[in-house]
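Thank you all for making the time this morning.

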Amino acid sequence: MAEVRRRKVDDTTAAGGAGEDDAANSSLGASAGTSEADKRNSSAAESSDHIESEDEKLPEEKFVEELSKNLPQGTDKTPEILDSALKDLPDRWKNWVIRGIFTWIMICGFCLIIYGGPLALMITTLLVQVKCFQEIISIGYQVYRIHGLPWFRSLSWYFLLTSNYFFYGENLVDYFGVAINRVEYLKFMVTYHRFLSFALYCIGFVWFVLSLVKKYYMKQFSLFAWTHVSLLIVVTQSYLIIQNIFEGLIWFIVPVSMIVCNDVMAYMFGFFFGKTPLIKLSPKKTWEGFIGGGFATVIFGIIISYILCHYQYFVCPIVYSEELGSMSMSCEPSYLFTPQEYSLSVFGIGKSIKMIPFVWHSISLSLFSSIIGPFGGFFASGFKRAFKIKDFGDMIPGHGGIMDRFDCQFLMATFVNVYISSFIRTPSPAKLLTQIYNLKPEQQLQIFESLKETLGDALN
């Protein structure tokens, strides 16, 4: 009997405990009658990623929110004169006017740089590259500085200088190798350019390893990767832009203008007609803006390509002239920029039309800039959302930072370079001569004899 009474007491206690557990778990919307159910409810509560309050936020999320307050934002930045002049307008129209004013200022500035010639374009590309790198690295620097870790900013700029030495040196060797090889003290730098670049990189690598702090290994290696990804995005693309410029200004102006046109027209169509959201990463982007901007870009690309093809200044490749001792942009335009006759057959009726081949190529460029190009902007939007910031900087009122304007340009530059290499480019005599000058005298003589024999047979 005593044993039976003890069992009843135990059962009652267990039932009471279960009732208390039910009450405790009622907020999760589940009832538990056994201890296993309690465990399942407890596990479900722990695995939930729903954030109820500030106290439940992960430390990393709290840190990112605090970090975002220290970074400059430019979309809402307005000069005092404009702010007072537009104070009566709704915020939506106020932003539209400010963006429009500074868009036209940037377009006019771009035209002036084009007028300044290829050297002005190359210097501008370098300056834009440096500013974009600074805007990306400044986010990482905020993380680094808060943790009190040494050398991140210094190492980042050192790797930028090293990367530019390598890539810009490659361009100089490719296009000015003949002239540089004739200067004795520069010949060494041309011959061993890649070795010197690698040696400089190794110095930075050793510097980084020596700067490691035991407590922050993971954070430091993350920021080391951050720097290298930034270099890949910014420096590599600017190197490709320079290469595109050397192929002829048209290969730079047309793609850049297409991205600008697509950006402006997508904004305009989205502003006035946009109703259907395009992508969650960028809530303000709409299908109406995406499609309208695409059609406008194709038409714009055909028109501007047709116009520029009529001027040597835009179509001639930039080469080093030994006679002039400087860069030259005079040439006989290739078939790519002169009207060619094409035969078409429509319903069995043959018809011939004249068209400049580059105009056909411009359609490919415009399709890429309007379909794939915007994804460079979406990528940048995702990056900014990860750090809960609106802009990379505050340099351009109504737009943000330089990187906010050039996020699509870098992807376009890569496509143009690949397109030229795949479908357009022919072997460059300047590059071949540079390689020949780097050979030993007996190897140069062997090439000379082979050319003499081949050309002699051709002439006879």
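This is a predicted model: local features need pLDDT of at least 70, side-chain atom pairs count only at pLDDT 80 or more; totals for chains, interfaces and linings use all residues.

Residues are numbered from 1 along each chain as its sequence is written, and side-chain values use heavy atoms, with hydrogens and water left out.

The chain holds 18 helices and 6 strands, these being DSSP runs numbered from the N terminus, with helices H or I of at least four residues and strands E of at least two. Of its 460 residues, 38% count as buried, meaning under 20% relative accessible area, where exposed is over 50% and partly exposed lies in between (1.4 Å probe, protein chains only). Among contacts with a separation of 6 or more, 68% come from residues 24 or more positions apart, a contact being heavy atoms within 4.5 Å.

An unreviewed UniProt entry places the feature "transmembrane region" at several spans, including residues 151-168 and 225-242; UniProt positions are in the numbering used here, feature names are shortened, and annotations may be inferred rather than shown by experiment. In the model, residues 151-168 are 94% helix and 0% strand, with end C-alpha atoms 25 Å apart, and residues 225-242 are 100% helix and 0% strand, with their end C-alpha atoms 25 Å apart.

Turning to helix 11 (residues 250-273), we find Asn 262 in it, and this residue is buried, with a relative accessible area of 7%. Leaving aside neighbours within four places in sequence, Asn 262 is in contact with Gly 293, Gly 294, Thr 297, Ser 369, Ser 370 and Pro 374.

Pro 374 brings us to helix 15, where the buried residues include Pro 374, Gly 376 and Phe 378. What do the buried residues of helix 15 pack against? Their partners are helix 11, strand 1 (277-279), strand 2 (282-286), helix 12, helix 14 (357-371) and helix 16 (402-424). The 13 residues of helix 15 (residues 374-386) should span 18 Å at 1.5 Å a residue, and the end C-alpha atoms are 19 Å apart, which agrees; the expected span is 1.5 Å times one less than the number of residues. Just after helix 15, Lys 388 takes a positive phi of about 55°.

Finally, Tyr 306 has its place in helix 12 and is partly exposed, with a relative accessible area of 47%.
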